[in-house]
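Dear colleague,

Please find below the structure that I am handing over to you.

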Amino acid sequence: MDFKSLPEGRFTLRDVTVPACLIGAPGHLVRTDIGIDGGLIANPGGTDVAMGGAMVLPCFTDMHTHLDKGHIWPRAANPDGTFMGALTTVREDHANWTPDDVRARMDFGLRCAYAHGTKAIRTHLDAANGQFRRSWPVFAEMREKWAEKIELQGSSLAACDTFTPDGDFRELADTVAANKGTLGLVTYPVDGLADILLGFFAMAAERGLNVDFHVDETMDPTSETLRTIAEVVMETGFAAPVVVGHCCSLSTQDVARAMDTLDMVARAGLNVVSLPMCNLYLQDREPHRTPRGRGVTLVHEMKARGIAVSFASDNTRDPFYAYGDLDMLEVLRQATRIAHLDHSDTDWVQSCIANPAASCGFAVPTLTPGAPADMTIFRAREWTELFARPQSDRIVLRGGSAIDRTLPDYAELDDLMRL
């Protein structure tokens, strides 16, 4: 149950706490008043509601998810918790990914994200073995169905060594373009990667597509495909936004080499998304051995170079991550702990709000008058209160009205798991 009831019509949230960076104020956290009128943020007026310092954030943007994989764990558990265990298990489960199966699981995930306060999502969609022909039409249905609640973007997911300038990959690119999506690729060290990327960027440019990469999702320091991507972007002058996700191997590389790569990433203008929960789960996992590495990429060093850094959910209850609920507050909480965002800059909250929105081309959420009154209110007055509890009684406002935050029951998916 929400911790406070709010009126309809025009009202003012008196004495709320907001991160100063969200309203252009100096400092860290500030107390202020927020008016709401006609579904928009407005100047104070109408009915006063005493909030006692409750924290307010704009609705979240989750820029790296896998809605097509979500919630298959009961029938497709990772056998050993490793990356290869996840990859193999998902590929085997593709046989179950009928349109009805993908539709039900995707809708389930979207209901969770909406209830937690997310307003925009980019999801990757598997392409292997012709799966894109089944999943993209379902994605198009979901995008239309959810248009008034969550803005959806689709990004194709294909391995770099499957790229060809014609055949299935050209059909995939045409499918992405027809759905106004983003062309995606998973990169890892293969012979001729630079030439593959040249062809890939040319294919994206021909269709006016943005691109999104899964990059160096390994703790192997010799995996440097991020560096190659930056080199090719600068060589070609590719002008559309480029997103690179994971980038885990940077954390195990020689410091001078890693910093040189980050300088190139900054010059190339790449946007980075870190997936701390999934990477903590998969990386540096060996049987009967305590992990040494956290898997998270070098977010502080990136931010210091002016690189746009975001955090996102990634996988949810599938072989790549056994947990999660598409709750961006959980992502921010865990990122703060895993990557030591505390005792650091005061604007890391933008890594789940403005940064991902700008990187994907969504409207950037704000708390300024005239913006949609789409926000989440928490019974917390500062960061340790916010992150110490799951905030299950949060209030999500959309268009100035509190939504029903009832989460779907996992039992809804039972029929899909009895195969």
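**Findings**

Glycine 245 has valine 273, a residue of S12, standing opposite. Please note that the model is predicted. The two strands concerned, S11 (residues 242-246) and S12 (residues 271-274), are paired in the parallel sense over 3 bridges.

They belong to an open sheet of 5 strands, ordered S9-S10-S11-S12-S13, in which the pairing is parallel. Its edges are held by strand S9 (183-187) and strand S13 (308-311); each has a single partner strand, so one side of each is left without a neighbour in the sheet. On average, and with direction ignored, neighbouring strands of this sheet are turned by 25 degrees against each other. Helix H6 (residues 225-236) lies across S9, S10 (211-215) and S11, and runs at about 155 degrees to S10.

A further open sheet contains 3 strands in the order S6-S7-S8, again with parallel pairing. Here strand S6 (60-65) and strand S8 (151-157) stand at the edges; each of these has a single partner strand, so one side of each is left without a neighbour in the sheet. The twist from one strand to the next averages 15 degrees. Strand S7 (residues 118-126) runs parallel to S8 and is joined to S8 by 7 bridges.

The largest nonpolar core has 120 residues, and the members that touch the most others are Phe201, Phe213, Val244, Leu270, Met375 and Ile377. Helix H5 (residues 193-207) gives the most to this core, namely 7 residues. Another core lies apart from it and has 9 residues, including Met63, Ala120, Val243 and Leu275.

When residues up to four places away in sequence are not counted, leucine 270 touches Leu226, Ile229, Ala230, Val233, Val242, Val244, Val265, Ile307 and Ala308.

Is valine 211 buried or exposed? This residue lies in strand S10. With a relative accessible area of 0%, valine 211 is buried, because any residue under 20% is counted as such. Leaving aside neighbours within four places in sequence, valine 211 is in contact with Thr182, Leu183, Phe200, Phe201, Ala204, Phe238, Pro241, Val242 and Val243. Of these, phenylalanine 201 is 10 residues away from valine 211 in sequence, and the C-alpha to C-alpha separation of the two is 8.0 Å.

Finally, some values for the protein chain as a whole. Its secondary structure comes to 13 helices and 16 strands. The radius of gyration is 21 Å, close to the 22 Å given by the globule rule for 419 residues, so the chain is as compact as a globular protein of that length. Along the principal axes, the C-alpha atoms fill a box of roughly 65 × 50 × 50 Å. Of the 419 residues, 57% are buried. Among contacts with a separation of 6 or more, 79% are between residues 24 or more positions apart. The chain exposes about 16,700 Å², of which carbon and sulfur atoms supply 51%.

With kind regards

Note on methods. Residues are numbered from 1 along each chain as its sequence is written. This is a predicted model: local features need pLDDT of at least 70, side-chain atom pairs count only at pLDDT 80 or more; totals for chains, interfaces and linings use all residues. Side-chain values use heavy atoms; hydrogens and water are left out. Two strands pair if DSSP finds at least two bridges between them. Helices (H or I, at least four residues) and strands (E, at least two) are DSSP runs, numbered from the N terminus. Axes are lines fitted to C-alpha atoms, for helices over the stretch in contact, and angles run from 0 to 180 degrees between N-to-C directions. Contact means heavy atoms within 4.5 Å. A nonpolar core is a set of buried Ala, Val, Leu, Ile, Met, Phe, Trp, Tyr and Cys residues joined through side-chain atoms within 4.5 Å. Buried means under 20% relative accessible area, exposed over 50%, partly exposed in between (1.4 Å probe, protein chains only). The radius of gyration is taken over C-alpha atoms; the globule rule is 2.2 Å times the number of residues to the power 0.38. Accessible areas come from the Shrake-Rupley method with a 1.4 Å probe; for residues, only the protein chains shown count as cover.
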